Amino acid sequence: MKDLYKIHEIARLFHLHPDTLRYYEEKGLLHPLRGESGYRMYTIQDVCTLNVIRALRELDLPTEDIRAYLERRSVAETLDLLNREEALLEEKLASLRAARKEARQRRARLEQYRAVEADKVRLTQEPARPYVFLRENVILEKEIDFLLKKLEGRHQDYIKVIGAQTMGAILDGESLKRGVCSHFSCVFFLTPPAGPRDALLPAGRYAGLYYRGAYDRLDQHLETLFRGVRALGLTPAAPPLELYRVDVHDTRHEEEFVTELQVLVET
């Protein structure tokens with residue numbers, strides 16, 4: 001067995017690019033010898049060190065921490081490192097559990113709204129719902145996705161466009177009075193009761209309906225909703241909400257979109 005190995009031999013052994021080994025050397029993690037021609041030569045000790053480096057990199061430890069550990073390596077240091085590793089793994093497990101929960105919630109949402117009856121006006125009693133929002137003077141329908149992404153960026157620690165939160169928009173009341181159904185006053189994400197909020201959607205009785213397909217027939221769906229409200233002897237008390245239950249983030253087929261319209265009503 002050889003005592004020294006060239007950089008390409010070590011790179012092949014660990015399935016690494018030679019530049020990665022040079023980077024480790026630059027950061028003080030490896031200290032290869034230099035042969036007569038100036039080539040880097042690695043010992044069995046370097047192989048063992050690389051085993052340690054790879055294991056620690058899998059834990060996403062920064063190179064500075066890895067270098068400090070390698071320089072002080074002892075049984076006591078390794079025990080301390082194992083304690084840290086266990087804590088990091090617990091964090092990863094918690095993150096994976098949260099991701100699994102969110103995936104299950106998203107599955108339940110898709111299954112629920114794929115089966116709803118469309119274009120049927122119904123009444124529901126809604127609690128006060130916290131939400132974060134982004135308000136503009138007038139938001140055009142084509143701008144909603146961009147502004148929702150912008151709003152997500154403001155709250156990226158706890159909101160994702162592709163996630164468990166419900167996102168929506170509020171139609172612009174003044175535009176509606178003029179018969180314009182494609183203008184909105186704000187976009188929003190509903191948040192959990194104990195989560196962050198900019199305001200509350202008021203509690204009360206809401207008339208609503210689901211509609212399927214593209215958004216270009218919103219005026220017709222709104223007319224269906226308002227006609228149903230009048231038939232119940234009720235009056236809209238606020239501009240309608242549009243809640244995106246199944247949208248382009250879930251399917252590329254517009255006929256599979258499911259959108260819910262809600263409007264607060266009073267007698």
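Predicted model: local features only at pLDDT ≥ 70, side-chain atom pairs only at ≥ 80, totals over all residues.
Helix 1 (residues 7–14) and helix 2 (residues 18–26) approach one another, their axes coming within 9 Å and crossing at roughly 105°. Helix 1 is therefore roughly perpendicular to helix 2, since angles of 65 to 115 degrees are counted in that class. Helix 1 contributes Ile7, His8, Ile10 and Ala11 to the contact, and helix 2 contributes Pro18, Leu21 and Arg22. In terms of residue class, five nonpolar residues take part in this contact of helix 1 with helix 2, together with one polar and one charged residue.

The burial pattern of helix 1 was examined next. Ile7, Ile10, Ala11 and Phe14 are the residues of helix 1 reported as buried. Viewed down the axis of helix 1, these buried residues fall within an arc of 100°, so they line one face of the helix. An α-helix has 3.6 residues a turn, so residues three or four places apart point the same way. Arg12 and Leu13 are exposed, on the face of helix 1 turned away from its buried side. The cover over the buried residues of helix 1 includes strand 1 (5–6), helix 2, strand 3 (40–42) and helix 3 (44–57). Just after helix 1, His15 adopts a positive phi of about 55°.

The largest nonpolar core comprises 29 residues, of which Ile144, Phe184, Val187 and Phe189 touch the most other members. Two or more residues of this core come from each of strand 5 (129–140), helix 6 (144–154), strand 6 (167–171), strand 7 (183–190), strand 9 (204–212), helix 8 (218–231) and strand 12 (258–266). Helix 8 supplies the largest share of this core, five residues. Beyond its neighbours within four places in sequence, Val187 is in contact with Val132, Phe133, Leu134, Ile139, Ile144, Leu147, Leu148, Leu151, Gly168 and Ala169. Another core, of 20 residues, lies apart from the largest one and has Leu50, Ile53, Ile66 and Leu70 among its members. In soluble globular proteins, nonpolar side chains tend to be buried together.

Helix 6 was considered in the same terms. Its buried residues are Ile144, Leu147, Leu148, Leu151 and Glu152. Down the axis of helix 6, the buried residues fall within an arc of 150°, so they line one face of the helix. Phe146 and Lys149, by contrast, are exposed on the other side of helix 6. Among the elements covering the buried residues of helix 6 are strand 5, strand 6, strand 7 and strand 11 (241–246).

Definitions and conventions
Residues numbered from 1 in each chain as written. Heavy atoms only, no water. Axes fitted to C-alpha atoms, helices over the stretch in contact; angles between N-to-C directions. Helix = DSSP H or I, 4+ residues; strand = E, 2+ residues; numbered from the N terminus. Parallel < 35°, antiparallel > 145°, perpendicular 65-115°, else oblique. Contact = heavy atoms within 4.5 Å. Nonpolar A, V, L, I, M, F, W, Y, C, P; charged D, E, K, R; others polar. Core = buried A, V, L, I, M, F, W, Y, C linked by side-chain atoms within 4.5 Å. Buried < 20%, exposed > 50% of the residue type's maximum accessible area, 1.4 Å probe, protein only. Arc of directions from axis to C-beta.
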